[in-house]
Amino acid sequence: MKKLLLGVLVLFFGALQSLSSAAEVPVVTVALVSTSWNTGLPTAVARGAGFFKEEGLEVRPVTLASSGPIMMALLMSGQADFVIAGAVAILRGIARGAPVVVVGGHLNRMSYALMSARGLKTVADLKGKTIGITGIGGMGEFTVVESLRRNGLIRDRDFTVLNIEGGPAARIAALKSGKVHAVPLTPGQRVQAENDGFTVLLDTRETLTEIPSTIVASTREFASSSPDKVVKFLRALAKAMDFIRRDKEKAITLGRSHGLRGDIAIERKALEYYADDLDVRLKRENITALLKQIDIAEAPQKYFDDTYLTRATGLR
């Protein structure tokens, strides 16, 4: 199934590149791992407010409700120049030999809330229960397991994890049906779940404060051959993130007009949860902390090249 999906995606991205060539307009393609607004809003705002244009870039985003390994495959096949995806999958892919490099941050704290079924009121109530995640080895699983470990609950001893295909809608359905007792949800999904009467057991932003959530990555070949494009892309994203914090209402309007979908009232409230965490200014210490958590004993320089970020933001 994954091979078939990747084949379809390769054809799709190939068609985009053919259109770009025919128009003789250089296009930078960015693949987004989720339809969630906290993944797509900075790119949408950078397009809508003209920040990419100011940098001399035309950026074509393609959103795929997929997984980190699919994002890595798209990068390595040349079908995307950048990906915005979960940090865990990207780092694990590099550890396995993928010629990919992290070039900047995106969402610099975990944004998941662990939502529970009715009747569960504290983290301790999860003992003996099942938690639904989507994607073994991905960001959601890592966030759940590590957050609960820091709260004294150990996987397989105190709780079990069940992989549920189909994304957040499937997880929420499993929660409502009683198939699982808790699920991790992003801010927009959290707001909707709260409206439906579900309870926040744990806000992972407060538990995993040093761990980045989503990051910007590219292939080493693209980054080294087109360093100016990398710098301009990051600079435009940084401008967009500043804009989002300054004018949330206008940012929501730009997001909606540039392809993001959802209930505006919900997304407006959800933005309050993550706006301050949108930041390209990733630090080596963040990568070091995450590598330690996923049991990779290597130097952060193998995974993160901060020279592009230094040029884009002026950090030293």
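**A walk through the model**

Quick housekeeping. This is a predicted model, so local features need pLDDT of at least 70 and side-chain atom pairs count only at pLDDT 80 or more, while totals for chains, interfaces and linings use all residues. Residues are numbered from 1 along each chain as its sequence is written, and side-chain values use heavy atoms, with hydrogens and water left out.

Of the 316 residues, 54% count as buried; that's under 20% relative accessible area, with exposed being over 50% and partly exposed in between (1.4 Å probe, protein chains only). We've got 15 helices and 10 strands, taken as DSSP runs (H or I, at least four residues, for helices; E, at least two, for strands) and numbered from the N terminus. Take contacts, meaning heavy atoms within 4.5 Å: among those between residues at least 6 apart in sequence, 80% join residues at least 24 apart.

What lines the second largest pocket? There are 15 lining residues, and Trp37, Gly188, Gln189, Arg261 and Glu267 lie nearest the centre. The elements giving two or more residues to that lining are α2 (37–48), α8 (187–195) and α13 (264–274). For the record, a pocket is an open set of points on a 1 Å grid over the protein atoms alone, where a 1.4 Å probe fits and there is protein on both sides within 12 Å along at least five of seven lines; lining residues have an atom within 4 Å of a point.

On to salt bridges: a side-chain nitrogen of Lys or Arg within 4 Å of a carboxyl oxygen of Asp or Glu. That rule gives 21 of them. One is Arg155 with Glu141, where the closest N and O atoms are 2.6 Å apart. Arg155 sits in the loop between α6 (139–150) and β7 (159–163), and Glu141 is in helix α6, so this pair ties together parts 14 residues apart in sequence. Glu141 is buried at 8% relative accessibility, while Arg155 is partly exposed at 29%.

Then there's Arg205 with Asp203, at 2.8 Å N to O, and both of those are buried. Arg284 also meets Asp306, at 3.4 Å. Here Arg284 is in helix α14 (residues 284–293) and Asp306 in the loop between α14 and α15 (307–313), so the pair links parts 22 residues apart in sequence. Arg284 is partly exposed at 33%, and Asp306 at 22% is partly exposed too. There's also a network: Glu54, Glu55, Arg235 and Lys239 are joined by salt bridges that share partners.

Which loop holds Asp156? The one between α6 and β7. Asp156 has a positive phi of about 70 degrees although it isn't a glycine, and it's exposed at 62%. Asp295, in the loop between α14 and α15, is another non-glycine with positive phi, near 60 degrees, and is exposed at 71%.
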